[in-house]
Amino acid sequence: MNTTENQSTDTIFPKGDPAPADYFTGTVWVKPLVPNSDTFNTVIGNVVFEPGARNNWHTHPGGQILIATHGIGYYQEKGKAIQVLRKGDVVTIAPEVKHWHGASPDSEFTHIAISTNTQKGIVDWLERVTDEEYNALAEI
Ligand code: MN
């Protein structure tokens, strides 16, 4: 299996560009797939997280759907346990539910992120996910 600089092994899409460090911990790549528009009110992107990488806590005013396509990832809603995500898992996130998503400590993770009802807004970024929060699953 070949891996070039811009292509992740076993994934469908190119890695894209680095995500903004203000909102992510670790290295994350985003490949836009469908831009926002008044026709669809939807944004779709492919997101690749290096092992241990994750986004900040955040909410989506119009909700979000995640489709896991590669590796092993984490998803957590505020006040609930971390869920482990594997290829083929689908997560539906209701509007305004505080959450984060990312890779597990030892595996890269890729998901397709679909932000819906974008006329209400796409994302509101919050504080970073601390190492203590991130490692809570491993310590159980
Ligand atoms: Mn999200």
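Biologist: What is the bridge partner of V28 in strand 4, and what makes strand 3 and strand 4 a pair?

Modeller: In strand 4 the partner of V28 is F49. Two strands pair if DSSP finds at least two bridges between them, strands being DSSP runs of E with at least two residues, numbered from the N terminus. Strand 3 and strand 4 have 6 bridges and run antiparallel, so by that definition they pair. This is a predicted model, in which local features need pLDDT of at least 70 and side-chain atom pairs count only at pLDDT 80 or more, while totals for chains, interfaces and linings use all residues. Residues are numbered from 1 along each chain as its sequence is written, and side-chain values use heavy atoms, with hydrogens and water left out.

Biologist: Which way do strand 4 and strand 11 run, and how many bridges join them?

Modeller: They run antiparallel and are joined by 8 bridges, and within strand 11 it is S115 that stands opposite V43. Strand 7 (residues 64-77) and strand 8 (residues 83-86) also pair in the antiparallel sense, over 4 bridges, with G73 opposite L85 of strand 8.

Biologist: What makes a set of residues a nonpolar core, and which residues of the largest one touch the most other members?

Modeller: A nonpolar core is a set of buried Ala, Val, Leu, Ile, Met, Phe, Trp, Tyr and Cys residues joined through side-chain atoms within 4.5 Å. The largest has 15 residues, of which V28, F49, L66, Y75, L85, V91 and F109 touch the most other members. Two or more residues come from each of strand 4, strand 7, strand 9 (90-93) and strand 11, and strand 7 gives the most, with 3 residues.

Biologist: How do you know which atoms coordinate the manganese ion?

Modeller: Donors are N, O and S atoms within 2.8 Å of the metal (3.2 Å for Na, K and Ca), and water is not among the atoms, so a site may look incomplete. Here H58 (NE2), H60 (NE2), Q64 (OE1), H99 (NE2) and H101 (NE2) coordinate the manganese ion at 2.2 Å, which means that these atoms meet the cut-off. Along the chain the donors follow the spacing H-x1-H-x3-Q-x34-H-x1-H.

Biologist: Do H58 and H60 count as buried or exposed, and why?

Modeller: H58 counts as buried because its relative accessibility is 1%, and H60 counts as buried because its value is 3%.

Biologist: What makes E96 and N117 stand out in their backbone angles?

Modeller: Most residues other than glycine have a negative phi. E96, not a glycine, has a positive phi of about 70 degrees and is found in the loop between strand 9 and strand 10 (99-103). N117, also not a glycine, has a positive phi of about 50 degrees and is found in the loop between strand 11 and strand 12 (124-125).

Biologist: Why is each of E96 and N117 placed in its accessibility class?

Modeller: E96 counts as partly exposed because its relative accessibility is 47%, and N117 is partly exposed because its relative accessible area is 34%.

Methods:
Buried means under 20% relative accessible area, exposed over 50%, partly exposed in between (1.4 Å probe, protein chains only).
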